[in-house]
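Me: I have a new model open and want to go through it piece by piece. Start with how the labels work.

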Amino acid sequence: MAAPEEQDLTQEQTEKLLQFQDLTGIESMEQCRLALEQHNWNMEAAVQDRLNEQEGVPSVFNPPPSRPLQVNTADHRIYSYVVSRPQPRGLLGWGYYLIMLPFRFTYYTILDIFRFALRFIRPDPRSRVTDPVGDIVSFMHSFEEKYGRAHPVFYQGTYSQALNDAKRELRFLLVYLHGDDHQDSDEFCRNTLCAPEVTSLINSRMLFWACSTNKPEGYRVSQALRENTYPFLAMIMLKDRRMTVVGRLEGLIQPDDLINQLTFIMDANQTYLVSERLEREERNQTQVLRQQQDEAYLASLRADQEKERKKKEERERKRRKEEEVQQRKLAEERRRQNLQEEKERKLEGLPPEPSPDDPESVKIIFKLPNDSRVERRFHFSQSLTVIHDFLFSLKESPEKFQIEANFPRRVLPCVPSEEWPTPPTLQEAGLSHTEVLFVQDLTDE
């Protein structure tokens, strides 16, 4: 079974370990464990950092110093489609183009020199990403103010989050970088990106992330994707377990052409997503099987532990019972020994029996609870305690008893009490020369 390798882990940690292995595809269980321990077993943080590590993007939970976001762009099989600006037509078109050429060249040259010089005066504020989600929301609002609300659904999150969602959901991610200063951006957004057929295709088949390169978040993505001109679109998907750019579309592209190009890119790479889905299903089945094995192992382990616990409890119960029986035996033996010793002391302390000729003697016949009879003589001047001690010293007498006279019927005060601190003598108790007394057993009371 799969569980013995992690016997020092708790059940919750084992479940997190298996879940982390399934989400990340790491085969080494030890590597999965080290990754979770580095994040104090925080599943979300560990998975996020693993995905970011694979994709080369900063961590959402513990972002390092700002650096360009990275996606695999080194694949030479990337499909690239660039739309060049149409050449001037006719004498009038070429004349306008030649007249505006020096002005356009001068404007962009001065603008580039100004931006280059400005870098030495103060750093580019776009290089510091402080509120990536705020950048996205700000671009969305400005886009809707300019072009209306009929547009593809924007992904309302950071670029890293969009990559992670596309990877988790196995969907295409279309990235649009908006160049505010570019002459073709307005026409592209208004006529192409907001076209109903384009909007329908994007909303139904992919995630759509967009931002302006004038925003820090958009500028950082621009550094990663390295666009050449605007408008710029990049199609990204999970390929060979990495988020990879599989298509680049640059320039002013028309709606029908954009739909054709996007469809072509998706069709050409659909097999990778299908393959990844099959791999995930296989991993899921493996995880389910492993989980079932672990559950069966844990259930068997718990059953064995329960059996052992019950056996231990039964052994402990028997041991305590035997100890109690032994203690009772010892206590009973001590009690009997003490009783016998007490009987012997009482017997030794009895005064001698008077002779029958002694006029002060009393002949008493005792009827014991077992119907036996005992006869002895006592002196009138002796205390009733002597009678009690005599009966107590007998082997057949009960441990506790009281002595009763019949005429009149009464209990003789043979032992000290609150009423009789000092028991009376036989004469004081009103006994005659011959008496029959009854011994009443009080042992069970």
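Reply: The H labels are helices (DSSP runs of H or I, at least four residues) and the E labels are strands (DSSP runs of E, at least two), both numbered from the N terminus. This is a predicted model, in which local features need pLDDT of at least 70 and side-chain atom pairs count only at pLDDT 80 or more, while totals for chains, interfaces and linings use all residues. Residues are numbered from 1 along each chain as its sequence is written, and side-chain values use heavy atoms, with hydrogens and water left out.

Me: OK. How many helices and strands in the protein chain?

Reply: The protein chain has 11 helices and 10 strands. Of its 445 residues, 40% are buried. Buried means under 20% relative accessible area, exposed means over 50%, and partly exposed is in between (1.4 Å probe, protein chains only).

Me: Now H5. Which residues are buried there?

Reply: Pro 132, Asp 135, Ile 136, Phe 139, Met 140, Phe 143 and Tyr 147. Down the axis of H5 these fall within an arc of 135 degrees, so here too one face of the helix is lined by the buried residues.

Me: And what covers them?

Reply: The cover includes strand E2 (172-178), helix H7 (185-193), strand E3 (206-212) and helix H9 (216-225). Contact here means heavy atoms within 4.5 Å.

Me: How far does H5 reach, and what comes after?

Reply: H5 (residues 132-147) has 16 residues and reaches 22 Å from its first C-alpha to its last, close to the 22 Å expected. The expected span is 1.5 Å times one less than the number of residues. Gly 148 follows H5, with a positive phi near 90 degrees.

Me: You mentioned E2 and E3. What is the strand order in their sheet?

Reply: E1-E5-E4-E2-E3, an open sheet of 5 strands with mixed pairing. Strand E1 (79-82) and E3 are at the edges with a single partner strand each, so one side of each has no neighbour in the sheet. The twist averages 20 degrees from one strand to the next. Two strands pair if DSSP finds at least two bridges between them. Axes are lines fitted to C-alpha atoms, for helices over the stretch in contact, and angles run from 0 to 180 degrees between N-to-C directions.

Me: Is E2 to E3 parallel or antiparallel?

Reply: Parallel, over 7 bridges. Leu 174 has Phe 208 in E3 as its bridge partner. E2 also pairs with strand E4 (residues 232-239), in the antiparallel sense over 5 bridges, and there Tyr 176 stands opposite Leu 233 in E4.

Me: E3 is an edge strand. How many of its residues are buried?

Reply: 7 of the 7, so E3 is largely enclosed by the rest of the structure. Both faces are covered: one has Met 206, Phe 208, Ala 210 and Ser 212, and the other has Leu 207, Trp 209 and Cys 211. Helix H6 (residues 159-169) lies across E2, E3, E4 and strand E5 (242-250), at about 170 degrees to E3.

Me: Next sheet. What is the order with E7 in it?

Reply: E7-E6-E10-E8-E9, an open sheet of 5 strands with mixed pairing. Strand E7 (373-379) and strand E9 (409-411) are the edge strands, each pairing on one side only. Neighbouring strands are turned by 30 degrees on average, direction ignored. Helix H11 (residues 384-393) packs on this sheet, touching strand E6 (361-367), E7, E8 and strand E10 (434-441), and its direction makes about 120 degrees with that of E8.

Me: How many bridges join E8 to E9?

Reply: 3, with E8 (residues 401-406) and E9 running antiparallel. Glu 404 stands opposite Val 411 in E9.

Me: Last one: where is Glu 353?

Reply: In the loop between helix H10 (255-348) and E6. Its relative accessibility is 45%, so Glu 353 counts as partly exposed. Apart from neighbours within four places in sequence, Glu 353 contacts Arg 376 and Arg 377. The C-alpha atoms of Glu 353 and Arg 376 are separated by 7.3 Å.

Key: Arc of directions from axis to C-beta.
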